Amino acid sequence: MTLQFRVPIALLRPVVILTAVWILFCLKPGLVGGAEPRWEKMDARLRTMISDRQAGMAKNLFSQDASDVIIRASDTKALYGVDDRIHPVSASVATARIPVHAIIALTRMEAVQTVEAASICLPALDVSMPEIGADDVWQGFGSGYRGSGVIVGIADSGIDWSHSDFINSNGTSRIKYIWDQTDEQGPHPSGYTYGTLYTQVQISNELDGIPAGVVKEKDINGHGTHVAGIAAGNGRATGNGRPSGQYVGAAPESELIVVKSGDDTFLSNRILDGIEFIFVKAGELGRPAVVNISLGSQSGPHDGTSGFEQGIDDLLWEKGRAVVVAAGNNGDEGIHFQSLFTNPYQEGRSEMTFQVDKNEAGVSDDVLFDLWYPPATGLSLSVVTPSGTIRGPLASGSSQDWRTSEGRIVVDNARSGTNTSNGDREAVVQITDTYVNGAKKDDMAKGIWKIVLTGGVGRVDGWLYSSSADARITSETEYSTLLIEPANSRRVVTVAATMSRSTWPSLYSDPWGPGGITPGVLCDFSSPGPSRPNSMNSNPNGKPELSAPGEYILSSMSSQMQTLPDERWRAADGKHMAYRGTSMAAPHVTGLIALMLQANPQATVSEIRARLIETARHDAHTGLGWNKSYGYGKADAYNAVKNMSAVAGSTVADPRVFALIENYPNPFNGNTTIFITPQTGSNGRASLEILDISGHMLRSIPAGEGTAGFIRVCWDGRDHSGKDMPSGIYFIRFASGNGFLAKKMTLVR
């Protein structure tokens, strides 16, 4: 007798579906299935997020819920075809919004080096333009420079495209493109899988109403419109019987490309996509371009080595490109602590205290810290709750998740070891409300908390990068190294904020001012440098580069704002308003660079940065040389553009016809990337050799044809036989048909 078991089809269906999903996942090109991620390839924030989902929300591992990440790879070509939501920004950096299972699979790909959680970034002129000398540029140099032929890119909260400051006198729009990343309606820009693209023709048609209702992008925050007005507004908008032309941006004849990356919060991977989009479109138009980023975050290494910052740097190798970043608005906030252990014979100990003032019912409260330290410090970390309960110590290389009556405490103390980009280790401390069976408990304790650090010689830096509970550091506070990311990028221009006006004609009264303003002085909120030094000595120097007006700047006001500001903050014409922040300082320099690019469209970002620094104004406030608050001085548009125009159209050829740029990072541990540029006029094949200090050739690396553009070569610290080379000094020798160049580099094991 044969026994037969009949299983109802309804019970089989979930099994069949899950099996099919698993098979499809495993067959996805390049994404090799596997339950365990390569944790060492994730940053601490991403590890914590995935651990949360695995521990309490395992069913969501294969859902459509997506996470925003930035991927670094040895060659992003290896990611083509893996998932159409992965977008290579450069040869080494890609962005993505993908489900957690795809992130796990990415970490198992050989070409993938790191996967980082995207950072949540926040938004960081009739008087201010004369302050930087822009009005002198408009009138000088023959016909003057006003930004004609240059693209000003804005990645921000969008733009009020109906504002007259962005409309030509003939009624057409000055905006070439708007990419609304927050609208999934489409059509998406070519090469991207999200957002809606609007063209200049569509925007102009919307302005005259034929046809209407096509362009739906709105700047309900107002930040992006205000920033755009400072950089590029033409001042045509006015009202209430006031004359036009009073609030004119630095480059009033430039054209704009705008990316709306959010309303109130912005993700770093989307911002990076937006920068690339602007440069691609400017290239299609044959225009030089400068992009303004008045957004940022305090999470990250603060040394220029995050995927976000390296992705921006990768986009700035071509001529006629620049990016300007606000320094940040945390200069007067106690959110950075620093502990320095100096005794090599005795373990150091440091206590950092912080106050939590509230736990709002029904709100998911959190206090989040990001710490960085050298491996040799061997940092151990404990958390002390307001009741005096000690959690820890937790040694470097481990993690722990405590569910307590005073909230949930998660510590990841460099669980995966040393960061390959900077040679340091990262620790993350998260204190939040707890959840039981999906229900939130308002149990995060108020009061005084402590983070206790013990370790050997080394410097520990930590940032309170996010808090919904009004938390603040109350000991070990250090008011430096507060530049937001991506202001530590090596190749961007980072701008601090100064005061330029104390009163203005407002709807409330004429004049009106809040008092307590001294023109010419640094704004107390302006975030200071320098960048954090790391174990590879690859952090940039001289950040910020310079300062510009950022205190109560009057610029374009979006009519689409959900709540208009008080009459005191609105200009008497009803079309402009006063804002303050380094967000307002940065676009002054963005517009200034647009003037420089009009004078010399082929300028490199290195030339632009050098000229801004060389021509920066010094006074009693800035002093001479560089300082952490003002940078090298105050922006001087006239002299910067004069110097640029002196070389505009120069036909003097570079006798080398190629340049060997310093490898990065240098010193390095593991891999370093070598760049050769511009190659113009070189002939024949090019080769690159690695030599030891005695001149013995260790390895020859083909560098491709010597044609226009730049060549990127990666050296893994090994000789031709695959043997790891020891620590020491090595030489790069690059040869082409026109000769050779050599540079020194340092390998640190």
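Analyst: A crossing of two helices is right-handed if the near helix is turned clockwise from the far one by less than a right angle. In this predicted model, α7 passes α10 in a right-handed crossing.

User: At what angle do α7 and α10 pack?

Analyst: The angle is about 35°, and the axes of helix α7 (residues 223-232) and α10 lie 7 Å apart.

User: Which residues of α7 and α10 meet?

Analyst: From α7 come H223, H226, V227, I230 and A231. They meet S583, M584, P587, H588, T590 and G591 in α10. By class, this contact has 5 nonpolar, 6 polar and no charged residues.

User: How should I read the spacing of residue numbers in such a list?

Analyst: An α-helix has 3.6 residues a turn, so residues three or four places apart point the same way. Now take the contact of α10 with α11: V589, L592, I593, M596 and L597 in α10 meet I608, R611 and L612 in α11. The residues there divide into 7 nonpolar, no polar and 1 charged.

User: How are α10 and α11 oriented to each other?

Analyst: Angles of 65 to 115 degrees count as roughly perpendicular. The axes of α10 and helix α11 (residues 605-615) cross at roughly 115° and come within 11 Å, and the two helices are therefore roughly perpendicular to each other. The crossing of α10 past α11 is right-handed.

User: What span should α10 have?

Analyst: At 1.5 Å a residue, the 18 residues of α10 (residues 582-599) should span 26 Å. The end C-alpha atoms of α10 are 26 Å apart, which agrees.

User: How many residues of α10 are buried?

Analyst: Buried means under 20% relative accessible area. In α10, 17 of the 18 residues are buried, so the helix is largely enclosed by the rest of the structure.

Methods
Residues are numbered from 1 along each chain as its sequence is written. This is a predicted model: local features need pLDDT of at least 70, side-chain atom pairs count only at pLDDT 80 or more; totals for chains, interfaces and linings use all residues. Side-chain values use heavy atoms; hydrogens and water are left out. Helices (H or I, at least four residues) and strands (E, at least two) are DSSP runs, numbered from the N terminus. The expected span of a helix is 1.5 Å times one less than its number of residues. Buried means under 20% relative accessible area, exposed over 50%, partly exposed in between (1.4 Å probe, protein chains only). Axes are lines fitted to C-alpha atoms, for helices over the stretch in contact, and angles run from 0 to 180 degrees between N-to-C directions. Angles under 35 degrees count as roughly parallel, over 145 as roughly antiparallel, 65 to 115 as roughly perpendicular and the rest as oblique. Contact means heavy atoms within 4.5 Å. Ala, Val, Leu, Ile, Met, Phe, Trp, Tyr, Cys and Pro count as nonpolar, Asp, Glu, Lys and Arg as charged, and the others, Gly among them, as polar.
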